[in-house]
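Morning, everyone. Please have a look at the model on the screen, and then we will walk through it.

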Amino acid sequence: MGFDFQHCIRCTVCVANCPVFKVDPAFPGPKQSGPDAERFRSDDEASIDRWVRLCSQCKRCDVACPYSVHPAQIILREQTRYGEGHFRPLPYRLFANTYWLGALGSLIAPVINILTPRTFVKRVLNVFGISTSIPFPQYRFHSMNRSWRWKGRRRSRKKVVFFYGCFINYNRPDIGRGVRDLLASLGVRVVIPRQVCCGLPALGNGDMETARKFARKNARILAGYIDKGYEVVYTCTSCGLSLTQDYPGILGVPDGKKISENTYNLHEYILELMEEGYIEPTFEPLHRKIAYHIPCHLRALGIGYPAARLFEKIPGLEVHILEDNCCGLAGSYGFKKKHGETSAKLGSDAARAIKAIGPDIMMSDCGACKMQLGYFSGIPALDPSEILRQSLKVTDSGT
Amino acid sequence: MNAIYDVVIIGGGMSGMMAAAALAKNGRKVAVISKGDPVCCFSTGCIDLLADGDDPLKGIASLPDNHPYHLVGEDAIAHSLDLFQGIMSEGGMPYVGDVHANRRVLTSLGRCKSTCLVPETMEFSDFDSDEYIHVISFYKMKDFYPQYITSRYTNAGYSVFDPGVITTAGIAEKFENRPFLEAFISWVQGLDIPEGRIAMPAVLGRNLVGDVYHQISAGCGRKIFEIPTLPPSMPGLRLFGGLKKALLQKGVNLYWGKGIYSVEKLGNRIEAVTLASSGRATRVEGRAFILATGSFVSGGLQASMDTVTETVFDLPAYLPGARETWFNDDFFAAGHEIEKAGIRVDSSFRPVDTEIENLYVCGSILAFSEVMKYRCGHGMAIATGVAAANACGGLV
């Protein structure tokens, strides 16, 4: 990090891009909580900036800053410093461990899925500071780590490790199995080793220690495969950001650089297969009008919008890209009661932009965006890989 | 490997975005790379063509021979502004104005600035000095003081509305929700403002500005106009947002938030650029490249003690002379010599003194543009952006 903050010229373009600042007057914005306050912070003194917790880590300021100051990175560091020195309320502790929460939810899926929509359960959750303004995601017993762990020819020239992430694992394993089948149908050998949470939820909830623990474990597994000639593919853009930016960056994971250099977004990977001439897929026409909500973390990855580039090749498909709104859920941010109002305001703004297009379906790479905006817009929310599978006629194997 | 893009544009400011729009309109496959949001976000949103004189288009003839406007020509400049106005109208943020007439826009300091095209929310900003102006300000809003305006005009008054928030972005967000807007309109209706025009700082929404503006106008039954504010400037952000939206609709691919890390050349041609990244670099390949990285503020040019360098391709940059000649003793004087620094181009916007064949340059990085002196920033960006796009459109 060093002295990047010194490059800030106080142009306020980060502030203009901050979704939280727009709707929550209590948050002083990325300029003041980032580079401005950084001048007064010292590693020798405890963190006192309570309001850094109001930042949702959407990283829109990082993308907007023309001087590479990275306000969100500065705030993230302070969030973890603040988290170390202060009491972390229950929601922070719970959501830092989304992975274990998911494991439990998946194990007792039928029970928990009946419980969470109940009014008395909601009341209890509210008491503990957890927001119930949007429905809790449904858990699935048949999770990714209970699915087939490999697919595709063993001797294939192209080999990937699929990093699926917690949301796909516990809540939407059907998307994950679909990605596995899709890659295999393109002649790619896919392996799905045991893996844990990428660490981003722990980091965002101010728990550096847990984040590092998760990251180190994944790094050992992934680096082992990379050494054997595999590449890493992710679909969740937040996991992707964590693997490529936080592993070598703030988490300082051994082999972080190696992982970062060998990790691909799913659609980026497929495009590259096509550009290399490894595959020449035939895209069947799909007559649909799609509102494509770009997740903030896809923007932050700085790889363009690879799914949109793939969709240009599908005849009949009408894709409208929406990239100016944050869905407001930001992982677990919107599930905290004190951010509930901010999250709902941003969610309804983003949903309004989607509905203005009048689409048949909305689409987003991120699980949280799909949950939030599917709820607020009332329009079915799909993953880009689901559309791709439809066009490439990849059938669902279901296991 | 097949070339992915016909044209790769480096720089997501006015010039780069207009070049992208012009190319995409002609069916070219275009990518825009930008390391961040451009300086037009801080602008007033007005399009200055040439601020001095009454007829900006005619005035171009009087500029020095080496000014980039001359490479474009009057007709093409007018066409490029038409293209711009068309794009903004499609996006629901129409611009009004005439390329043959400068108009006045009231600023938040109470002075007027001279400009050519303005967003429709500033259409009525050019008022007669004997007309009554009523300024509506917002309680404790940062950096906007109606007294600056009322102290300059005897026939003016002001009222203050409390929106509950104090920042430009916060108030603009409030205006986009209906109950707030209706409460505001009925508050204005209850004010009993004398006959005349109503002026407000530019906070009338961000994406939905058209709706907000027309509803307030209809509700108040007066001519209403916005006054551009200090950054964050809503009209600047709308301008950027409107252009970006148009690019996305035309299928332009955006790579935002990362600078250029390296350039791949093959012989005299640029093959690809790679983006700065913490890991594997994203590679963007193109048949032609347009450099629109702006001048010193935007980081397209960098000055050291004794020289000026171009930051992406290391092109030879024109230097107005030794360092002691760069600056005028009078800081506020119109034009310091250093503003002439930049990239010199031939008649087809290709940089001179370099072997590279498939590179074009546009915008304020061009040598001799002197945008501060002539106050021609956005106009020059639009005109040279479209001209560079047309020049390279023939190649790809």
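A polar contact is a pair of N or O atoms within 3.5 Å; within protein, one must be able to donate a hydrogen and the other to accept it. Keep that in mind. One more thing before we start: this is a predicted model.

First stop, chain B. Find D48(B). It sits in the loop between β2 (30-34) and α2 (56-59). Is D48(B) buried or exposed? Its relative accessibility is 11%. Buried means under 20%, so D48(B) counts as buried.

Now its partners. The side chain of D48(B) makes a polar contact of 2.5 Å with the side chain of T115(B). Another polar contact, of 2.9 Å, links the side chains of D48(B) and K113(B). Beyond its neighbours within four places in sequence, D48(B) also touches other residues, among them Y69(B), C116(B), R375(B) and H378(B).

Next, chain A. Look at helix α3, residues 29-38, and helix α5, residues 71-85. How do they pack? Their axes are 8 Å apart, at an angle of about 75°. The range 65 to 115 degrees counts as roughly perpendicular, so that is what α3(A) and α5(A) are to each other. The residues of this contact divide into 5 nonpolar, 2 polar and 2 charged. From α3(A), they include P30(A) and E38(A). From α5(A), they include I74(A) and R77(A).

Last, zoom out. Chain A is divided into domain 1 (4-85) and domain 2 (282-392). Their C-alpha centres lie 26 Å apart. Domain 1 gives 14 residues to the contact, and domain 2 gives 17.

Technical notes:
Residues numbered from 1 in each chain as written. Chains lettered and ligands numbered in written order. Predicted model: local features only at pLDDT ≥ 70, side-chain atom pairs only at ≥ 80, totals over all residues. Heavy atoms only, no water. Helix = DSSP H or I, 4+ residues; strand = E, 2+ residues; numbered from the N terminus. Buried < 20%, exposed > 50% of the residue type's maximum accessible area, 1.4 Å probe, protein only. Contact = heavy atoms within 4.5 Å. Axes fitted to C-alpha atoms, helices over the stretch in contact; angles between N-to-C directions. Parallel < 35°, antiparallel > 145°, perpendicular 65-115°, else oblique. Nonpolar A, V, L, I, M, F, W, Y, C, P; charged D, E, K, R; others polar. Domains from an automatic or database assignment.
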